[in-house]
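Visitor: I would like a close look at one part of this structure. Please take me through the part and its surroundings, step by step.

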Amino acid sequence: MLNALLILIFVPIFDLLIYPLVGLCRINITPLRKMAAGMIFAALAFGAATLVEVNVVKTVVEPAPAEQCLLQVFNLAEGDINVGVAGSDLFQDPIPKLQDPPAYETLPLGAPVKELNINVTFSESKHTCRHTFEEQKAYSLIIYTDITGINCKLVEDYIKKNESGNPNVRFFNTWTEAINITVGETWFYVPPDHSMSPNKSVTRGNYPSVGCSLLSKTCDNLNLGLLDFGASYTFILMEVKESGKIMTKLEDVQANNVHIAWQIPQYVLLTAGEVMFSITGLEFSYSQAPNNMKSVLQAGWLLTVAFGNVIVLIVAEGAGLDQWKEFLLFAALLLGVCVIFSIMAHFYTYVDPDQLNKMYSEDSGKEENDDDKKNKNDDIPLKKPEHQKSTRM
């Protein structure tokens with residue numbers, strides 16, 4: 001809703017900005033220089049798009065490639081733990097209690113599906129968990145202790161951001177009773193005994209007091225804090241003796257941190273480039289062509305748009321580059337073409353349209369006069385010479 005409101009506000013403002021940009025075409029500089037400046041503006045627009053895309057990508061968790069998966073570890077034990085995965089060198093440093101994992105680790109499998117041993121060391125006690133992993137999926141390994149010792153629980157994560165932009169939320173219940181939690185208009189049922197609720201989308205907002213209830217009693221309200229756009233959260237429901245909290249908030253996928261208004265510089269630069277290059281180019285191709293070639297040259301000018309679309313298709317579908325690399329490539333291509341175009345423009349000799357039309361009209365007039373004389377000559381009957389006699393057979 002906020003994004004839609006911002007669009008409604010900025011689109012009229014953007015339209016007002018277009019009219020001064022149209023005046024750029026009337027600046028008293030040569031058309032070829034305007035077109036070169038238009039290429040520079042377009043290259044700057046792609047550069048701005050690259051910077052925005054790079055910052056957007058930082059908040060996105062990229063899926064693992066084939067025969068690999070993503071893994072993060074939640075430590076719910078009463079101290080630091082060491083984790084080792086057979087066949088890999090991940091998690092070399094100790095993992096503190098209730099640490100929010102900084103990022104997913106890429107776990108090599110070597111096969112579409114593989115069962116791996118996970119060695120956990122806690123307070124000189126060792127335990128081996130065995131779990132099955134599938135390629136291109138994301139997992140959270142939750143390690144906790146109870147009266148039986150060290151235990152491991154593997155849950156699959158949902159790392160894709162919602163198209164609506166709303167955050168995803170799930171709860172992990174360490175208590176012996178099931179819990180009902182209502183976040184806004186979304187209801188969660190969390191099974192007991194170290195179980196995870198399904199991921200659900202909730203409305204973006206601040207939730208300082210969320211009601212929850214056990215089967216036997218009503219629990220204290222939960223302070224979930226701000227649930228921001230594009231994020232995924234895991235809430236661990238367990239009592240922490242040191243702080244007295246009954247809930248810990250972990251962020252699986254970072255929230256969106258790039259404001260929608262950062263698109264405005266791209267559109268302004270791109271519009272300036274379009275106005276100075278496209279409109280000026282159409283005028284240039286029309287004014288520098290003779291009357292009998294104006295339509296052909298304008299058609300050729302518009303044909304370059306088709307060639308540009310072919311280049312975009314090849315780069316976007318065939319090159320396999322990341323989005324920000326595509327933007328950077330287009331910016332570099334524009335700057336390279338701008339240099340070549342500027343050199344050619346330096347040696348170009350402009351033609352006066354009036355003089356060109358006058359010259360071609362005079363040439364066409366001469367051709368018409370020649371045609372008329374020729375036609376008159378063809379109409380004159382030939383006379384026989386008087387001294388020539390006819391001969392009969």
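Guide: Start with how helix 3 and helix 4 lie against each other. Their axes are 8 Å apart, and the packing angle is about 155°. An angle over 145 degrees counts as roughly antiparallel. Helix 3 and helix 4 are therefore roughly antiparallel to each other. The crossing in which helix 3 passes helix 4 is right-handed. This is a predicted model, so read every value here as computed from that prediction.

Now look at who touches whom. On the side of helix 3, the contact uses Phe277, Ser278, Gly281, Leu282, Ser285, Tyr286 and Ser287. On the side of helix 4, Lys294, Leu297, Gln298, Trp301 and Leu302 take part. Sorted by class, the residues of this contact are 6 nonpolar, 5 polar and 1 charged.

Next, take helix 4 by itself. Helix 4 covers residues 294–319, which is 26 residues.

Which residues of helix 4 are buried? They are Lys294, Trp301 and Val315. Two of these names have come up already: Lys294 and Trp301 belong to the contact with helix 3. The cover over the buried residues of helix 4 includes helix 2 (31–57), helix 3 (263–287) and helix 5 (323–346).

Val315 leads us to the other neighbour. In helix 4, Val312, Val315 and Ala316 meet Glu326, Leu329 and Phe330 of helix 5. The axes of helix 4 and helix 5 come within 11 Å and cross at roughly 150°. Helix 4 and helix 5 are therefore roughly antiparallel to each other. Their crossing is right-handed. By class, this contact has 5 nonpolar residues, no polar ones and 1 charged.

Go back to helix 3. Helix 3 has 25 residues. From first C-alpha to last, helix 3 reaches 35 Å, close to the 36 Å expected at 1.5 Å a residue. Its buried residues are Gln266, Thr271, Ala272, Gly273, Val275, Met276, Thr280, Gly281, Phe284, Ser285 and Ser287.

Helix 3 has another partner, helix 2. Helix 2 and helix 3 pack at an angle of about 155°, and their axes are 7 Å apart. That makes helix 2 roughly antiparallel to helix 3. Here the crossing is left-handed. The contact of helix 2 with helix 3 has 18 nonpolar, 5 polar and 1 charged residues.

Step back to the whole chain for a moment. The chain has 6 helices and 17 strands. Of its 393 residues, 35% count as buried. Now take contacts between residues at least 6 apart in sequence. Of these, 58% join residues at least 24 apart.

Away from the helices, some loop residues deserve a look. Pro192 sits in the loop between strand 10 (186–190) and strand 11 (195–196). Pro192 has 24%, so it is partly exposed. Leaving aside neighbours within four places in sequence, Pro192 is in contact with Asn173, Trp175, Thr176, Glu177 and Ala178. Take Asn173 from that list. Pro192 and Asn173 are 19 residues apart in sequence, yet 5.8 Å apart in space, C-alpha to C-alpha.

Asp193 lies in the loop between strand 10 and strand 11 as well. Phi of Asp193 is near 60°, a positive value in a residue other than glycine. Phe91 also has a positive phi, about 55°, although it is not a glycine. Phe91 is found in the loop between strand 2 (82–85) and strand 3 (105–108). With a relative accessible area of 15%, Phe91 is buried.

To finish, return to helix 4. Helix 3 and helix 4 are roughly antiparallel, and helix 4 and helix 5 are also roughly antiparallel.

Technical notes: Residues numbered from 1 in each chain as written. Predicted model: local features only at pLDDT ≥ 70, side-chain atom pairs only at ≥ 80, totals over all residues. Heavy atoms only, no water. Helix = DSSP H or I, 4+ residues; strand = E, 2+ residues; numbered from the N terminus. Expected span 1.5 Å × (residues − 1). Buried < 20%, exposed > 50% of the residue type's maximum accessible area, 1.4 Å probe, protein only. Contact = heavy atoms within 4.5 Å. Axes fitted to C-alpha atoms, helices over the stretch in contact; angles between N-to-C directions. Parallel < 35°, antiparallel > 145°, perpendicular 65-115°, else oblique. Left-handed = near helix turned anticlockwise from the far one by under 90°. Nonpolar A, V, L, I, M, F, W, Y, C, P; charged D, E, K, R; others polar.
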